[in-house]
Amino acid sequence: VPALALFFLPLDQFDLLSVRPIGGEGFLTILGATPSASFAFLGFEVLLVVFPFITNRQRIFRIYTLTLATITVIYMWNAVVIFGVLGIEYTQIQVWPMIKYLHIGTLPVVERVDNLFQFIWFAQVIAVVAVQYYAAASTLAAITSKRAYHLWAALLWPIVYLIAVLPVRQVTILRAEHIVGRLGMAFIAVMVSVLLLVAWLRGLDESEGALGK
Amino acid sequence: MTRKAMALLMVVLSLFAAGCWDLRVIEDLSLVLALGIDQDESNPGMLIVTAAGPAFSQEASEPTFRTTTMGYCLTQAFMSMQLERQRELAFGEMDVVVFSEEAARSGNMHRVMRDLDQVRDLDPNAWVCIVRKARAQHVLNLVPREESRAFMYLTTLLERNSNIGSIPRATVARYSIQHSAQGIDPIIPVIELIGAGDKPEDARIVGLAAIDSRGKMVGTLTDSETKTFLLLAGLGNRPRFSTHIDYQGQSGCAVSGLVRKTKREVRAGISRGRPVIDVRIRLEVDILNLQAGLDNVLEEKVFRTLEKALARDFQGNMLKVLRKTQDWGADILGLGRFVRAQDPDWYKDKDWSEEYRDCQVNVQVEVKVQRIGTLVSPLY
């Protein structure tokens, strides 16, 4: 919530003209940006790992749909306000447009809003990484031996560290993000299809009463 | 065993978590609060860059340090500047950037501002201004009567006048956004040094410079034209005005007032291959002072006659300002953005700065006088 509140600070410089004409480049151009945006939506597949541990399964679909909708709204809000404040052309020449956008905002005590945002955002990133980290260690332990969970947790750490520090070149990081985004979407599409197929073949009952059993 | 391994791992990891390896202690920094940018007369591509900031050392002979270096770009000048400073240069607290008129007219504005925009830690809300009839480095040498440091005085001067609607907000970020965007050109306040004899002590805001799409200062609006421009651009933040109107047969009646509200509507279109723009301005006005023979002020007829006379006056002034910007080929009003939003296909293949010179702009002004001689917070 504090991170989201910081998004409002530069809004006094928002100009609706900067985002017009809306859709001027055509629908296909907008659609073409989907793979780049997909990276931000990845991560909900972790549900496949944590699902057995969830007690109130009836609510999970609603919560997850709500989460995805929230992310979509935040993503869209992010794009609109950044374009509205920085303008399309200026945004295009920025490496990190959101940081530039936040840099324009000021608070009476904290002069650098972008630094404050990064401080809060890093905590969010670590929280997300922790969930994925647990999912990876837990899955590997399930495949090998349940006792090996701590071993896998220790062994995975250097991998996470290497992923964080190794791509030094900016272009490589962005390319990796695109590749992961596209592969992730493909993985989710295939996984969901396979799970649906399995559910259909096994005749699994997904009705309200059956879920709790 | 696993717990011991984890504990050992944590101890090893703590070595990496020493943290703050790039710590910057404020006393070890040369905080640059103002930059002055001049052009070398013998070498037009060369910039003369002056940095000024507070001197932290107790042994310093002056409260402010100033360093001047040269370079073909800002980065080169900063690198050269660092060689003269015993402390690390830091731009995060930058308040104001001053250009000399020669530097602004040389056509290097966009290049220098792009350089500035790329300084990683620079405050994008730093003010930008142009000094007329003086070098930028002289502005930073100024010792104002009411403030010991020139950069503090300049920042307050610009900030205050922006807050009361005398000038628009002109920051590094706004300049960069405006010069990157299509259909709008940047504007920068112009100052002049004032004071008795050869040693100026203060500065005065004298108008607004228009920068064209090539990054060249092409003209200046006077301070009264600036106020008209602000209303025309829809940027007016309760600006004051002072003018002369013809009132019921009495010519040249002095009238001054405050614009309480400004509403601008712009309609753009293409007619016979040419852009046609209609600008409609609605102003709510408080009259501060009216020098005209009146029997009774609080009459509907007086208000209506004043409204019509003021609307005519505002419209005439706005058309003059508009014509000026069209002659310069600098769309500082941002009318091109409306044309682009309305007809992007037409706009795509056109050079807007050329089209703007000849495009038809109609201005319609409506004035509503709310009060005469009664004001809340009458700021000047």
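Buried area is the accessible area that two parts lose on being put together, summed over both, and the views below come from a predicted model.

**View 1. The interface of chain A and chain B, shown as a whole.** Between chain A and chain B an area of about 2,100 Å² is buried, and carbon and sulfur atoms give 56% of that area. On the side of chain A, the residues that lose the most area to chain B are A:L17, A:E89 and A:Y90, which together make up 28% of what that side buries. In terms of contacts, 23 residues of chain A meet 25 residues of chain B.

**View 2. Polar and charged pairs across the interface of chain A and chain B.** Seven residue pairs are in polar contact between the two chains, counting pairs with both residues at pLDDT 80 or more, and three salt bridges are found across the interface. In a salt bridge between A:D15 and B:R337, the side chains meet at 2.7 Å, N to O.

**View 3. Helices of chain A that face chain B.** At least two residues each are supplied to the side of chain A that touches chain B by α5 (60-86), α6 (88-92), α7 (97-104) and α9 (149-165) of chain A, with α9(A) giving the most, five residues. By type, the residues of this side divide into eleven nonpolar, six polar and six charged.

**View 4. The surroundings of B:R280 in chain B.** B:R280 lies in strand β13 (residues 274-290) of chain B and is partly exposed, with a relative accessible area of 28%. Apart from neighbours within four places in sequence, B:R280 is in contact with B:K263, B:R264, B:E265, B:Q364 and B:E366, and a polar contact of 2.7 Å joins the side chains of B:R280 and B:E366.

Terms used:
Residues are numbered from 1 along each chain as its sequence is written. Chains are lettered from A and ligands numbered from 1 in the order in which they are written. This is a predicted model: local features need pLDDT of at least 70, side-chain atom pairs count only at pLDDT 80 or more; totals for chains, interfaces and linings use all residues. Side-chain values use heavy atoms; hydrogens and water are left out. Helices (H or I, at least four residues) and strands (E, at least two) are DSSP runs, numbered from the N terminus. Buried means under 20% relative accessible area, exposed over 50%, partly exposed in between (1.4 Å probe, protein chains only). Contact means heavy atoms within 4.5 Å. A polar contact is a pair of N or O atoms within 3.5 Å; within protein, one must be able to donate a hydrogen and the other to accept it, and residues adjacent in sequence count only if both atoms are side-chain atoms. Buried area is the accessible area (1.4 Å probe) that two parts lose on being put together, summed over both. A salt bridge is a side-chain nitrogen of Lys or Arg within 4 Å of a carboxyl oxygen of Asp or Glu. Ala, Val, Leu, Ile, Met, Phe, Trp, Tyr, Cys and Pro count as nonpolar, Asp, Glu, Lys and Arg as charged, and the others, Gly among them, as polar.
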